[in-house]
Amino acid sequence: MTHTRRRFLATSAAAAGAAALGPAAFGPARALAASPGPAGLTRTFPGPAASEPSPRPLSILILGGTGFIGPHQVRYAMYRGHQVSIFNRGRTAPDLFPGVETLIGDRDGQLGALEGRTWDAVIDNSGYVPRHVRDSAALLRDSVDRYLFTSTGSVYSFDQDELTEDSELLPIEDPESEDVDRYYGPLKILCENAVTDTYRERGTVVRLHVVAGPGDTTDRFTYWPVRIDHGGEIIAPGRRDTPVQYIDVRDLAEFMILCLERDIGGTFNAAGPTLAPTSMAEFVYGIRAITSTPLSFTWIDEPFLAERQARFPLWYPPTEGAVRGISRVRSHRAVARGLKFRPIAVTALDTLEWFRTLPEERRNQLQLNLERDRQLLEEWKA
């Protein structure tokens, strides 16, 4: 697909979605500027970031860099004229960025490749164990000016009406544990503390929500553009006004690089896709704008689905009090410092096109549950 056609489709999809949903559904329209990436991951960046004056070139170290978020950070940083080094074990996509300095090591006691080097800033994407983060923070304390730690919204207790940066965090039940599967959120809290205790005002913490877009391995957002493009009668779960939240990985990457360029410190939630809550209706009809496949939505009540234990990605029923805050994350602080959000249709279109480039075996891992949905629809109508 040519760049001109991509811009037309992305802009048309966004406009169609806005027309269907009204002006509150999407943020301000923004021109798109191309940015090349690896095969299957050529994506777009918003125009305002590109139109700003070129910043002072920075030397940026990324701990990780080859997972989901890292490649978008690397590409955008290079697009902005920065010099990037990545540090990892060299096992995942080692040839992803030819020409980018790759330092081989391990967070668990093998940081020798970082010794004696200096950078303007570091982004820590791969910190899950507090001991590892304490080690890297201490080693780089006098070698970098700013340390940005990639954290998670899972640090919060979700049993709250909304989640701001000052909301109640999870208790630390076992501060000595390194069992990430069991204590993911609490361990991330301790990782945050390791950064802020070491760097003070030179530390930045970004707490992610559901991250969407090209390259995602979880299929939580991806399910919806794939299912809607498949067409037919589609279950729209629960109430139309149930909030849905995610953040496009490119918006996230741009905000993180912006924090480095502007030397922004503090703790920030990063959840979208708009400043105001996005409803399930806005979400599914916004995605519907990207496809011409014949389809219809049937809204099925939450109690009916709950009785049959039917779950859908990104749908968190409001009656589930223990997680009622999970889709009510407030990112006003980050928006005030420059976080921007792509329209739903743009994220959905790019995600769908990326998904189509994947090997068949990988695409088959996304379960659409068409037979389950057919049975639910029959029972609902009966």
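D219 sits in the loop between β9 (211–212) and α6 (223–230). D219 has a positive phi of about 65 degrees, although it is not a glycine. D219 counts as buried because its relative accessibility is 10%. The cut-offs are these: buried means under 20% relative accessible area, exposed means over 50%, and partly exposed is in between, with a 1.4 Å probe and protein chains only.

Before I go on, this is a predicted model, in which local features need pLDDT of at least 70 and side-chain atom pairs count only at pLDDT 80 or more, while totals for chains, interfaces and linings use all residues. Residues are numbered from 1 along each chain as its sequence is written, and side-chain values use heavy atoms, with hydrogens and water left out.

Q309 also has a positive phi without being a glycine, at about 55 degrees. Q309 lies in the loop between α9 and α10. Is Q309 buried or exposed? Q309 is exposed, because its relative accessible area is 70%.

One more backbone item. The peptide bond from G272 to P273 is cis, and its omega is near 10 degrees. P273 belongs to the loop between β13 (266–270) and β14 (278–279).

Now the whole chain. The protein chain has 13 helices and 15 strands. Of its 382 residues, 56% count as buried. A contact means heavy atoms within 4.5 Å. Among contacts with a separation of 6 or more, 78% come from residues 24 or more positions apart. The accessible surface is about 16700 Å², and carbon and sulfur atoms hold 49% of it. Those areas come from the Shrake-Rupley method with a 1.4 Å probe; for residues, only the protein chains shown count as cover.

Next, salt bridges. A salt bridge is a side-chain nitrogen of Lys or Arg within 4 Å of a carboxyl oxygen of Asp or Glu. How many salt bridges does the structure hold? There are 26 salt bridges.

One of them joins R107 and D124, with the closest N and O atoms 2.8 Å apart. R107 is in the loop between β5 (101–104) and β6 (121–124) and D124 is in strand β6, so this pair ties together parts 17 residues apart in sequence. Both R107 and D124 are buried.

Another salt bridge pairs R324 with D161, at 2.8 Å from N to O. R324 is in the loop between α9 (302–307) and α10 (332–336), and D161 is in the loop between β7 and α5, so the pair ties together parts 163 residues apart in sequence. R324 counts as partly exposed because its relative accessibility is 26%. D161, at 56%, counts as exposed.

E307 and R308 form a salt bridge too, at 3.5 Å from N to O. E307 is exposed at 63% relative accessible area, and R308 is partly exposed at 32%. Salt bridges that share partners also join D108, R131 and E178 into one network.

Last, the surface. Which residues form a negative surface patch? They are E173, D174, E176, D179 and D181. Patch residues have over 30% relative accessible area and no salt bridge; like charges are joined within 9 Å, and nonpolar side chains (Val, Leu, Ile, Met, Phe, Trp, Tyr) within 5 Å. Asp and Glu count as negative, Lys and Arg as positive, and His and the chain ends are not counted. The place of a charge is NZ of Lys, CZ of Arg, CG of Asp or CD of Glu. E176 lies in the loop between β7 (146–152) and α5 (184–199). E176 counts as exposed because its relative accessibility is 69%.

Technical notes
Helix = DSSP H or I, 4+ residues; strand = E, 2+ residues; numbered from the N terminus.
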